Amino acid sequence: MSGVFDHIKLLDEENLNILFGKSVVPNSNHISKQSIWTCKAIFQSLSALAKNYVLRLLNIHDFVKINDCKSWINNDNKHLHYQVLNELYSFKLLIKRDSIDTNTNININANNIQNKFVEIILNNYFRNSFI
């Protein structure tokens, strides 16, 4: 039996952004209490290392190269880097782009996740509701 977090992972990006606080009313910046609690519940469900990544990305408002994030982990745990990224991608907490072609968002898959030109940024709707 799957849980609520498994269901959330299956939502498309638009519906997940609404859960994160994207307003369905045009030109409204109101963040609902429900979206704040949704973001906090998702954060609490993350592994300790994924939480660390989210906290580091909260105050970075620009894209960061994936390989630069490796410095956030000690050498003994470097193998966990891509595991954490996949965990964050599953909730669509990260937005990815290829830094060679900054106008094109790329699909999340195992083939390009280790690409040194891939950059990430924390989902802005999540960030705004979380802080």
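Five bridges join strand β2 (residues 94-98) to strand β3 (residues 118-122), and the two run antiparallel. Strands count as paired if DSSP finds at least two bridges between them. Helices (H or I, at least four residues) and strands (E, at least two) are DSSP runs, numbered from the N terminus.

This is a predicted model, in which local features need pLDDT of at least 70, side-chain atom pairs count only at pLDDT 80 or more, and totals for chains, interfaces and linings use all residues. Residues are numbered from 1 along each chain as its sequence is written, and side-chain values use heavy atoms, with hydrogens and water left out.

### The sheet

The sheet is open and has three strands in the order β1-β3-β2, with antiparallel pairing. β1 (64-65) and β2 stand at the edges with a single partner strand each, so one side of each is left without a neighbour in the sheet. Helix α6 packs on this sheet and touches β2 and β3. Its direction makes about 115° with that of β2.

β1 and β3 pair in the antiparallel sense over two bridges. The table lists residues that face β3.

| Residue | Opposite residue in β3 |
|---|---|
| V64 | I120 |
| D98 | V118 |

How enclosed are these strands? Burial gives the picture. Buried means under 20% relative accessible area, exposed means over 50%, and partly exposed lies in between (1.4 Å probe, protein chains only). Five of the five residues of β3 are buried, so β3 is largely enclosed by the rest of the structure. In β2, four of the five residues are buried, so this strand too is largely enclosed.

In a regular strand the side chains alternate between the two faces of the sheet. In β3, V118, I120 and L122 point one way. E119 and I121 point the other way. All of them are buried.

### The helix pair

Helix α4 (residues 48-57) and helix α6 (residues 81-90) have axes that come within 9 Å and cross at roughly 75°. Axes are lines fitted to C-alpha atoms, for helices over the stretch in contact, and angles run from 0 to 180 degrees between N-to-C directions. The two helices are therefore roughly perpendicular to each other. That label covers 65 to 115 degrees; under 35 degrees counts as roughly parallel, over 145 as roughly antiparallel, and the rest as oblique.

On the α4 side, the meeting residues are L49, A50, Y53 and V54. On the α6 side, they are H81, V84, L85, E87 and L88. Contact here means heavy atoms within 4.5 Å. The residues of this contact divide into seven nonpolar, one polar and one charged. Ala, Val, Leu, Ile, Met, Phe, Trp, Tyr, Cys and Pro count as nonpolar, Asp, Glu, Lys and Arg as charged, and the others, Gly among them, as polar.

The buried residues of α4 are A50, Y53, V54 and L57. They cover an arc of only 100° around the axis, which puts them on the same side of α4. The arc is that of the directions from the helix axis to the C-beta atoms. A48, also in α4, is exposed, with a relative accessible area of 64%. A48 and V84 are 36 residues apart in sequence and 9.5 Å apart in space, C-alpha to C-alpha.

Seven of the 10 residues of α6 are buried, so α6 is largely enclosed by the rest of the structure. The buried ones are H81, Y82, V84, L85, E87, L88 and Y89. At 0% relative accessibility, L85 counts as buried. L85 and L49 are 36 residues apart in sequence, with their C-alpha atoms 9.9 Å apart in space.

Most residues other than glycine have a negative phi. K92 sits in the loop between α6 and β2. At 23% relative accessibility, K92 counts as partly exposed.
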